[in-house]
Amino acid sequence: MVGDVHGDSTAFAAACATERFIVQLGDLVDDGPDTPGALRLMFGRLDAGRGLFLLGNHDYKLARALRGDSVQVGEALAATIASLDPATAARAVEEIGRAPAWLVAGRVVFVHGGFDPAMLFIPPRTMADKRDRLLARALYGQTTGRVTGMGKPERVLDWVHRIPEGVTVYCGHDQRSTNGQPLTLEGRAGGRAIMMDTGAGKGGHLSWLDIDLP
């Protein structure tokens, strides 16, 4: 299980050097030096039946831009679009379009941005679905409607306290770790969240964990 890659293809190649099935938590693209390489590594895993990736907010925005939707194209996204050859761009739209926004395996949940208890009972959304509360939570986590001093949405982690007892949620999106390791948060309801974004492609590094599902 691999955290946010953000175009760090070298680290992602190291994470892929395993016989295990890989679940990548979304945000394959943007920021780092080699988004095309990161995408092609993931496509290879898909073709071999040895991995999948979840829908992250950066992936979602890239696919929308590539298919011609009206989106705000910042510096990172513009660089990503410019780096993609036509074949890689077309495959990206296809694969991102069907990537699940969350995945449930017993008492384990994989999601990019944030958890909602309804995810335990409802099939995962994809880009084909209308954006609703659950898709927004999966992509962007929990926001307050305010912006930070850096101009980004203010995020909170109240959702961690709604994880049921015995459930573990692996997520990315928020780089909350202060020691370069995945951060474990215990919720008041007895569940826990393991936050895997440790800054790959943004001055940090890529984290991954080997886990055994029941």
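**Stop 1**

Start by selecting Asp31, which sits in the loop between β1 (22-24) and α2. Helices here are DSSP runs of H or I with at least four residues, strands are E runs of at least two, and both are numbered from the N terminus. Before going further, note that this is a predicted model, where local features need pLDDT of at least 70, side-chain atom pairs count only at pLDDT 80 or more, and totals for chains, interfaces and linings use all residues. Residues are numbered from 1 along each chain as its sequence is written, and side-chain values use heavy atoms, with hydrogens and water left out.

Check the backbone of Asp31: phi is near 75 degrees, a positive value in a residue other than glycine. Most residues other than glycine have a negative phi. With a relative accessible area of 37%, Asp31 is partly exposed; the scale here is buried under 20%, exposed over 50% and partly exposed in between, using a 1.4 Å probe and protein chains only.

Now jump to His6, in the segment before α1 (9-15). Is His6 buried or exposed? His6 is buried, because its relative accessible area is 1%. His6 also has a positive phi, about 50 degrees, although it is not a glycine.

**Stop 2: α2 against α5**

Select residues 35-47 for helix α2 and residues 86-98 for helix α5. Two packed helices are described by the angle between their axes and the distance between the axes. The axes of α2 and α5 come within 11 Å and cross at roughly 55 degrees. Each axis is a line fitted to C-alpha atoms, for helices over the stretch in contact, and angles run from 0 to 180 degrees between N-to-C directions. The two helices are therefore oblique to each other; angles under 35 degrees count as roughly parallel, over 145 as roughly antiparallel, 65 to 115 as roughly perpendicular, and the rest as oblique.

The crossing of α2 and α5 is left-handed, as the term applies when the near helix is turned anticlockwise from the far one by less than a right angle (clockwise would be right-handed). Show the side chains: Leu39, Arg40, Phe43, Leu46 and Asp47 of α2 make the contact with Thr88, Arg91, Ala92 and Glu95 of α5. Contact means heavy atoms within 4.5 Å. By class, that is 4 nonpolar, 1 polar and 4 charged residues. Ala, Val, Leu, Ile, Met, Phe, Trp, Tyr, Cys and Pro count as nonpolar, Asp, Glu, Lys and Arg as charged, and the others, Gly among them, as polar.

**Stop 3: α3 and its neighbours**

On the α3 side, pick Asp59, Tyr60, Leu62, Ala63 and Leu66; they meet Ala89, Ala92, Val93 and Ile96 in α5. The residues of this contact divide into 8 nonpolar, no polar and 1 charged.

Next, bring in α4, residues 75-83. How far apart are the axes of α3 and α4, and at what angle do they pack? The axes are 11 Å apart, at an angle of about 60 degrees. That makes α3 oblique to α4, and α3 passes α4 in a right-handed crossing. Lys61, Leu62, Ala65 and Leu66 of α3 touch Leu77, Thr80 and Ile81 of α4, giving 5 nonpolar, 1 polar and 1 charged residues.

Colour α3 by burial and Asn57, Asp59, Tyr60, Leu62, Ala63 and Ala65 come up as buried. The buried residues of α3 pack against α4, α5 and α6 (133-140). Just after α3, look at Gly68, with a positive phi of about 95 degrees.

**Stop 4: out to β9**

Finally, select Arg192 in strand β9 (residues 192-195). At 32% relative accessibility, Arg192 counts as partly exposed. Leaving aside neighbours within four places in sequence, Arg192 is in contact with Ile163, Val167, Thr168, Val169, Thr184, Leu185, Glu186 and Gly187. For a sense of scale, draw a distance to Met42: the C-alpha atoms are separated by 28 Å, with the residues 150 apart along the chain.
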